[in-house]
Amino acid sequence: MGCVKRLPLKNVINCRDLGGFPCADGRVTQFGRFLRCGVPKTPEQDEIVTLMQYGVSTVIDLRGNWESETYPSVFKFLDGVDYHHVSLFEANVAVSQNSTLTIAESYQHAVEDYKNSYRKVLEIIADAKDGCVLFNCYFGKDRTGILAAVLLSLAGVADEDIIADYQGSYTYILPFIQR
């Protein structure tokens, strides 16, 4: 399967490749290296096949410990996939219990409180076997969005493109939320 910007899957929502962004040094981020997504429901077999054909070899589940223990990831049990769980926040950042914080403040809080987890994720990525690294949380917007922004920033992608990537989540998760 060739590389695409978005994989239109049913139970793996908001699934997008981080390839195709121009970098400050004139290069472009490669397709087929990183997929960001949300996994609110167990993927169907054809979705798993699609992801494996896309080249997914490493999966990093960014959900909280409670989420991952209560609803184990199907990727944890797949042969040929290196599965890692690293909590980047114990709840969906956007609906954290401290409702007096703005989303931006919640994100800042998550990054500060989970900086060791972010380091661990970056180490997993650095040591990942050949293939595509898929990282996910529930909707693929907050925890996944923060990590995508970090990765794109490290690659030298312009802030405007990072913001545009983040804004795309609203479009891609809206149909799921409306259901």
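Tutor: Let us start with Thr144, which lies in helix α5 (residues 143-154), where helices are DSSP runs of H or I with at least four residues, strands are runs of E with at least two, and both are numbered from the N terminus. The model is predicted, so local features need pLDDT of at least 70 and side-chain atom pairs count only at pLDDT 80 or more, while totals for chains, interfaces and linings use all residues. Residues are numbered from 1 along each chain as its sequence is written, and side-chain values use heavy atoms, with hydrogens and water left out.

Student: Is Thr144 buried or exposed?

Tutor: Buried means under 20% relative accessible area, exposed means over 50%, and partly exposed lies in between, with a 1.4 Å probe and protein chains only. Thr144 has 0% relative accessibility, and therefore counts as buried.

Student: Which residues does Thr144 touch, leaving out those up to four places away in sequence?

Tutor: A contact here means heavy atoms within 4.5 Å. With residues up to four places away in sequence not counted, Thr144 touches Arg36, Cys37, Leu62, Phe135, Asn136 and Cys137.

Student: Why do the buried residues of α1 line one face of the helix?

Tutor: In helix α1 (residues 45-54), the buried residues are Glu47, Ile48, Thr50, Leu51 and Tyr54. Seen down the axis of α1, they line one face because they fall within an arc of 160°, the arc being that of the directions from the helix axis to the C-beta atoms.

Student: Which strands are included in what covers the buried residues of α1, and which residue follows the helix?

Tutor: The cover of these buried residues includes β1 (13-17), β2 (34-38), β3 (56-61) and β5 (132-137). As for the end of the helix, α1 is followed by a residue whose phi is positive, near 110°, namely Gly55.

Student: What do the buried residues of α3 pack against?

Tutor: The buried residues in helix α3 (residues 103-113) are Ser106, Tyr107 and Ala110. Seen down the axis of α3, they fall within an arc of 100°, so they line one face of the helix. These residues pack against α4 (115-127), α5 and α6 (159-178).

Student: Where does Arg33 lie, and which residues does it touch?

Tutor: Arg33 lies in the loop between β1 and β2, and at 36% relative accessibility it counts as partly exposed. The C-alpha atoms of Arg33 and Ser57, 24 residues apart along the chain, are separated by 9.9 Å. Not counting residues up to four places away in sequence, Arg33 touches Gly131, Cys132 and Val133.

Student: In what order do the elements of the chain run?

Tutor: The secondary structure comes to six helices and five strands. Read from the N terminus on, the order is β-β-α-β-α-β-α-α-β-α-α.

Student: What radius of gyration does the chain have?

Tutor: The radius is taken over C-alpha atoms, and the globule rule is 2.2 Å times the number of residues to the power 0.38. For 179 residues, a compact globule would have a radius near 16 Å, which agrees with the value for the chain, 15 Å.
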